[in-house]
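Here is a short briefing to read alongside the structure. Take a look at the fold, then follow the notes by topic.

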Amino acid sequence: MLITTLKSRDAIAALVEGKAFIINCHGCKEVGFPEAEAAEMEKELCEAGKVTGIMTTDYICNPDNFKLRLKAYLPQIAEADTILVLSCGVGVQTVAEIFEDKKVCAACDTTRLPGFQGVTPLEVACDQCGECYLTMTAGICPITACSKSLVNGPCGGTKMGKCEVDPNMECGWERIYRRLEAQGRLDVLKCPTNMHDFSTVKATAECKQSE
């Protein structure tokens, strides 16, 4: 089981530059989704004229099915400056892979709870670390795409774009840099990334279990 919690209103407002297209994933039953809070947030953005469209679907992590559903929304997505994704980290990464030229933002943080975790056919993973960095890293997770789970850039061992732990694996931070460069967003790397407070993650999980 895992829980997705909506980021703060201020954090989400800061993500939306210009207009946004919103994608909600109400997919697998192993995910607790903040439907009421999401609807309220979406209403506020719509009233502010910030939204080109909203798509509510399930199983973003099934890309073939998801791409078919996306076709009806492509004109609205084209009008948007930002794609705001309300899902676990797997969903955000899936959207970012499809729209590599767009700024894709994670509107939720994901926390692990005990129990069945669901099944995804994709190689990308969400470590449910409690604080999602995918907005800053162009939709490529530095926790799961890096063998050392580094959140502040590549280690000194990467060579020719490959990981020193697994030479057959692309360096996650090389991938992040290349995608940000293609989007013209390298300036986001100037912002220092805060350390994870894992005690907060544990407290969130314990709070949700008691509800």
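Two strands count as paired if DSSP finds at least two bridges between them. With that in mind, this predicted model has an open sheet of four strands, in the order 4-2-5-6, with parallel pairing.

**The sheet**
- Strand 4 and strand 6 (103-106) are the edge strands; each has a single partner strand, so one side of each has no neighbour in the sheet.
- On average, and ignoring direction, neighbouring strands of this sheet are turned by 20° against each other.
- Strand 2 (residues 20-25) runs parallel to strand 4, and six bridges link the pair.
- Within that pairing, Ile23 sits opposite Met55 of strand 4.
- Strand 2 is also joined in parallel to strand 5 (residues 82-86), here by five bridges.
- Phe21 faces Ile83 of strand 5.

**Cover on the sheet**
- Helix 2 (residues 35-47) packs on the sheet and touches strand 2, strand 4 and strand 5.
- The direction of helix 2 makes about 160° with that of strand 5.
- Strand 4 (residues 51-57) is mostly covered, with five of its seven residues buried.

**A helix pair**
- Two packed helices are described by the angle between their axes and the distance between those axes.
- For helix 3 (residues 63-70) and helix 5 (residues 89-98), the angle is about 60° and the axes are 11 Å apart.
- Their crossing is right-handed.
- Helix 3 brings Pro63, Phe66, Lys67 and Leu70 to the contact, where they meet Thr94, Val95 and Ile98 of helix 5.
- By class, this contact has five nonpolar residues, one polar and one charged.

Definitions and conventions: Residues are numbered from 1 along each chain as its sequence is written. This is a predicted model: local features need pLDDT of at least 70, side-chain atom pairs count only at pLDDT 80 or more; totals for chains, interfaces and linings use all residues. Side-chain values use heavy atoms; hydrogens and water are left out. Axes are lines fitted to C-alpha atoms, for helices over the stretch in contact, and angles run from 0 to 180 degrees between N-to-C directions. Helices (H or I, at least four residues) and strands (E, at least two) are DSSP runs, numbered from the N terminus. A crossing is left-handed if the near helix is turned anticlockwise from the far one by less than a right angle, and right-handed if clockwise. Contact means heavy atoms within 4.5 Å. Ala, Val, Leu, Ile, Met, Phe, Trp, Tyr, Cys and Pro count as nonpolar, Asp, Glu, Lys and Arg as charged, and the others, Gly among them, as polar. Buried means under 20% relative accessible area, exposed over 50%, partly exposed in between (1.4 Å probe, protein chains only).
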